[in-house]
Amino acid sequence: MPKLSLRFVPLLSLALPAFAAPAQQPIRITADLTEAPRKLYHAEIDLPVHAGENSFTTPEWIPGNHRPTGPAEDITGVVFSVAGKPLQWRRDDVDLYEFHVEVPKGISTIHAHLDCIVLARASDKLAVLEWEKLLLYPSHTPVKEIPVQPSVTVPKGWGIGTALTPVQPFDANTKPGGTVQYQPTTVEQLQDSPVIAGEYFHEFALALEIKPAHFIDVVSDRPDDSNLRPEILRSLNNLVREADKAYASHHYNHYNFLLTLSDVAGGEGLEHGQSSDNGTEELGFANGKHLLGNAEPLSHEFTHSWNGKYRRPDKLYQTDFSKPEVGELLWVYEGMTQYMGNVLAARDGMWTPQQYRDMLALSASQLDYKSGRIWRSTDDTAIAASILRGGSPVWSNWKRGQDYYQEGELLWLDADTLIRQLTNDQKSLTDFFHIFLGKGGNTGPLIVTYNREELIRDLNEVVKYDWADFFHKRVDLINPHADLDGITRGGYKLVYQDRPSASEITLLTGGGRRGGGPDLWYSLGMRIAKDGTITDVRWGGPADKAKLAPGQRLIAVEGRALPADGDDQILLFHEVLTAAKSSTQPMHLIVGSESYVSLVDLDYHDGERYPVLVRDGSGKDYMDEIITPLTRAVTAMPVLSPDK
Ligand SMILES: [Zn+2]
């Protein structure tokens, strides 16, 4: 899409819903989720056609994934037909997402049936529909110009959550389950409007005084977990109020947080304009311990409605899903969202201020010790985003990953504290959000693209500074160390102490993300899994110098066998690392590979090292100011203690 200059867009068109598509016959699609427990989704699709060759396609590049993850390989049982009579089809030889069908004269609509094998996001009790699993539409046509009329069929008794608007208004007396028809939209908006459904379904309205309306729809595998606790709902109400104040505009007709809680359906966090698809563990919101790792995704994906969905880097927007997305500005799209996702988790009360600082220390230290930063810029991690997600942890610190998330968090903290300092605390990044994210006022779901020049122009509107140079130095150039200026200017410093922070202990002992076992990254320079497997070795660290390798298994340390229990492992390394501080001898390890066992000497005497932020008395505490709620709704923090 050519860069859309807001100056030339009549305000009236901004106010129109994005599905105001040309008056043409819509595609009709019914998604059938009744066989979700059997890992199969079905679709019945009526496609308007013309005589001769017609080409239909299924999405390849998925917005928000920034990768070609459309599940073409799992689409099966494809049948095109007219009046029940099959039509021959042929897949395109080069574009494997595309089907060619020859249509006889006099036919204006054909039918397509297809199935999708769905191995994740479905269980016996719930299902998530991402429409790219079932969508079929004319190839090489801007997807915002293709009208579509969707319907969804779910098992009897299952509730449905989605940002799509039903044709029939909600009736509390209607039994859940069966087929729901939704108002016509466009293929672009339908792909952006996932559906969750489940037997144990709850919907909660949030912050009723804020317009437009906000809801959270929750499904879980067990009966009680989707019935969110009052403390969680209080924080979610705060989140809506805080975002309203921070961004001062809306770009949705209503907003639905979609939350699936399941230990079998797999996790997800994907932004959409009018909703977000959040999938986590069954007990993700059951207690404070699990909440530490699960709070931020909700505020992160919500922030994306403004930063990423409404305001989109120009080359990340494509007129149809067959064209590659260019990741160069992901340090804004994801990085600024990462920053605000964490800030809002503290402002809404899901995290305590201490937890916010602990989590920031963990990501800042990880970046500061990321060895691959001596050859690869943050800019390159953004450009290469589509080949950096997931993958093996082996030498991942030397390769770098999607570092533009956390690099972006530090970068925008740097910018926020700098604006506060330059303006004598009169302005902040919030003033920038009001300009950059609020252009055009309140709108329905809409995509308005930007480039780096506009970003710099808008920052200069807040405070004059050489922002071009600011970004160039931090993003484009090689930086052997992480940008810790925001933390320092914020009144704190990153230090390493001999005990993990309370938050790191929560994460290490079953808070989800990290799993059990000791954190040896900043001491010995390696990560070990619970079974002793060395999952990664820090390039240039002590374990690297001792020629240890990812994939080896740690069998014994200083003559003592590695215990099976994670807490016992933590205790063992505490004793061994403490003893090594007063010794000049190397540590003796026994490690095994696939076929051999070997003795390894590891020379390390600096004791245990865990990252934390400590108050640095010399500067103003901008960091504390930043995580203070903007509304009066949050009067007492913390709302939740990790022990609850
Ligand atoms: Zn994101």
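Helices (H or I, at least four residues) and strands (E, at least two) are DSSP runs, numbered from the N terminus. The model is a predicted one, so local features need pLDDT of at least 70 and side-chain atom pairs count only at pLDDT 80 or more, while totals for chains, interfaces and linings use all residues. Residues are numbered from 1 along each chain as its sequence is written, and side-chain values use heavy atoms, with hydrogens and water left out.

A248, in the loop between α3 (230–247) and β18 (255–261), has a positive phi, near 55°, despite not being glycine. D425, found in the loop between α10 and α11, also has a positive phi, near 65°. Most residues other than glycine have a negative phi, and most peptide bonds are trans. A248 counts as partly exposed at 46% relative accessibility, and D425 is partly exposed too, at 27% (buried means under 20% relative accessible area, exposed over 50%, partly exposed in between, with a 1.4 Å probe and protein chains only).

Next, the helix pairs. The axes of α4 (residues 288–303) and α6 come within 8 Å and cross at roughly 130° (axes are lines fitted to C-alpha atoms, for helices over the stretch in contact, and angles run from 0 to 180 degrees between N-to-C directions). That makes α4 oblique to α6, where angles under 35 degrees count as roughly parallel, over 145 as roughly antiparallel, 65 to 115 as roughly perpendicular and the rest as oblique. On the α4 side the contact (heavy atoms within 4.5 Å) involves E296, S299, H300 and T303, and on the α6 side residues including T337, Q338 and L344.

Helix α6 (residues 335–347) also pairs with α11 (residues 429–436), their axes coming within 13 Å and crossing at roughly 125°. These two are therefore oblique as well. M336, Y339 and M340 of α6 meet L429, F432, F433 and F436 of α11.

Beyond its neighbours within four places in sequence, W412 is in contact with residues including W331, M336, Y339, L429 and F432.
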